[in-house]
Amino acid sequence: MAHLGPDLQAAVPGVEGVVVLGTCNRLAILLDAPAPSQAMGHEADDWLSAVVASFLAERAGLDALTLRSWHGVDAVAQLFATAAGLESMVVGEREIAGQLRRAMILAHEDGTLTGPLARAVEHASTTSRRLACSTGLSGNGRSVVAVGLDLAARQLPALEGARVLLVGTGAYAGATVTALRERGVSDLEVYSRSDRARAFADGHHLRVVTEETLPAALELADLVVTCRGLGAPVLTRELVEPAARLRQPTEPALLDRHEDPRSPAEPPERPLVILDLALTRDVEEAVGSLPGVLLIDLPSVQRAVPEAEAAQVEAARAIVEEEVAAFTRLAGGRRMDPVITELRTHVEEMVEREVARLRVRDGMVEADDAARALRRLAARLLHHPSVAARQAGEAGRDEEYLAALPMLLGPEVTSALLAGTQAPATCPVHVTEGASAWHHPTQMERSYA
């Protein structure tokens, strides 16, 4: 995951921006790339998906990789639904919105965040907040972490007094620490093969477990939560077996009743509970068959997730559709920004030429000179529309011309012109006080994948 955004941007031609959303059970990549031309059509989309898939497969050491991809408006809809938790295992989960915002911040730090990507993520976050306020999904659909910890807590006498080992330092690791502390857990330590373990531990006030101390930490733990999801199990049967052996039934006569209270607990009261929250297993499936170990994986969590009410999900998807339509309208408007900017520049140049022709005496301009300059400017501005109107009439296209006038002049002015009445004295365009009616030029909206 480290530097994936910058590396992908450098490796794939045409990609101008990248936001990588990586959790223990999800990898989503948001790309800012030019929309394909009509001549290329879907071939350009397919080519982009294939190149990205090839890059990711090579990076992961795989022969091939198949991606689900969306483009344009479909990609925006998928992004908004994802941020709202509608594509999550726990429908309506709120954690994904925070993870998406953190992904945007990281993209900014890596230099891969573009204006279109930032606007898309910001609008997705707004959509998520609207769903949380307008539907009951955020209450009914809890997070994967919360459901998993609830399952684990049922197997432990008291979660508040449990010793917990966390494996991983990603987004879900932080959410897990928060959820555990909300449940009263204070005995926490973290293990990671990456170099982020110390920084993560310092930031969350945890103890660090090293490669050498990992076997002992497993023996002492009551609950192990894994959330790496990097494709290969970190807890193997061979590694966990010594800790599991200590949890197997032992003859009472052999038990030392004066043992250290922090030593491995006596079975069967406190089995070693392992909660694997990774989509690609962090724990070998064989670990679950070890006596003295209870393995809770994502399928177990999914089976325990409460069903979201169909009416709420339908209402949520309707909100997503509304927000996608609103975002698409705004994006369409931004595509005209370069045209608006050039139009304004052209008019300002015409004004400057007329100003240069004015005769200024003692800092003043004669009214007649100013009037002549304004008339010349008006004539120049109206020359092409007037010629085009006559040509449209001669070609029998006058209805097309008249139908286009409201877009250029506004409905109020057009109605007055066609009725032969007095046009409005002021510009009918609404301008907020202190704001400019002109937009600053921005990068045109791109396609998203």
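**Exercise 1. The overall picture**

Find out what share of the contacts between residues at least 6 apart in sequence join residues at least 24 apart, and then describe the protein as a whole.

Solution. Start with the contacts: among those between residues at least 6 apart in sequence, 68% join residues at least 24 apart. Keep in mind that this is a predicted model. Next, look at the secondary structure: the protein has 17 helices and 10 strands. Then turn to burial: of its 449 residues, 38% count as buried. Finally, the accessible surface of the protein is about 25000 Å², and 55% of that belongs to carbon and sulfur atoms.

**Exercise 2. The nonpolar cores**

How many residues does the largest nonpolar core have, and which of them have the most contacts inside it?

Solution. Begin with the count: the largest nonpolar core has 34 residues. The ones with the most contacts inside this core are Leu149, Val164, Leu166, Leu223, Val225, Leu275 and Val301. A second, separate core has 28 residues, including Val19, Ala103, Ala124 and Leu131.

Leaving out residues up to four places away in sequence, Val301 touches Met89, Val144, Val147, Gly148, Leu151, Leu275 and Ile296.

**Exercise 3. Helices with a buried face**

Which residues of helix H1 are buried, and how are they arranged around the helix axis?

Solution. In H1, which covers residues 4-11, the buried residues are Leu4, Gly5 and Leu8. Look down the axis of H1: these buried residues fall within an arc of 95°, so they line one face of the helix.

**Exercise 4. A leucine in a loop**

Locate leucine 235 and decide whether this residue is buried or exposed.

Solution. Leucine 235 is found in the loop between S6 and H11. The cut-off for buried is under 20% relative accessible area. Leucine 235 has 0% relative accessibility, so leucine 235 counts as buried. Now list the contacts, not counting residues up to four places away in sequence: leucine 235 touches Leu218, Val224, Thr226, Val240, Ile274, Asp282, Val283, Glu284 and Val287. Take Glu284 from that list: leucine 235 and glutamate 284 are 49 residues apart along the chain, yet their C-alpha atoms are separated by 6.4 Å.

**Exercise 5. A buried aspartate**

Where is aspartate 32, and which side chain does its own side chain meet in a polar contact?

Solution. Aspartate 32 is part of strand S2, which spans residues 26-32. With 0% relative accessibility, aspartate 32 counts as buried. Its side chain is joined to that of threonine 114 by a polar contact of 2.6 Å.

**Exercise 6. Positive phi values**

What is phi for histidine 205 and for aspartate 362, and are these residues buried or exposed?

Solution. First, a general point: most residues other than glycine have a negative phi. Histidine 205 has a positive phi, near 60°. Histidine 205 lies in the loop between H9 and strand S5 (207-209), and is exposed with a relative accessible area of 67%. For aspartate 362, phi is positive as well, near 55°. Aspartate 362 sits in the loop between strand S9 (360-361) and strand S10 (364-365), and is exposed with a relative accessible area of 81%.

**Exercise 7. An annotated site**

At which residues does UniProt place the feature "binding site"? Compare the surroundings of threonine 169 and glycine 170.

Solution. The unreviewed UniProt entry places this feature at Gly168, Thr169, Gly170, Ala171, Tyr172 and Ala173. Threonine 169 is in the loop between S3 and H8, and glycine 170 is in the loop between S3 and H8. Threonine 169 is buried, with a relative accessible area of 8%, whereas glycine 170 is partly exposed at 34%. Leaving aside neighbours within four places in sequence, threonine 169 touches Val190, Ser192, Ser194, Arg196, Ala197 and Phe200, while glycine 170 is in contact with Arg196 and Phe200.

Technical notes: Residues numbered from 1 in each chain as written. Predicted model: local features only at pLDDT ≥ 70, side-chain atom pairs only at ≥ 80, totals over all residues. Heavy atoms only, no water. Helix = DSSP H or I, 4+ residues; strand = E, 2+ residues; numbered from the N terminus. Buried < 20%, exposed > 50% of the residue type's maximum accessible area, 1.4 Å probe, protein only. Polar contact = N/O pair within 3.5 Å; in protein donor to acceptor, adjacent residues only side chain to side chain. Core = buried A, V, L, I, M, F, W, Y, C linked by side-chain atoms within 4.5 Å. Contact = heavy atoms within 4.5 Å. Arc of directions from axis to C-beta. UniProt positions renumbered as here; feature names shortened; annotations may be inferred. Areas by Shrake-Rupley, 256 points an atom, 1.4 Å probe, with all protein chains shown as cover.
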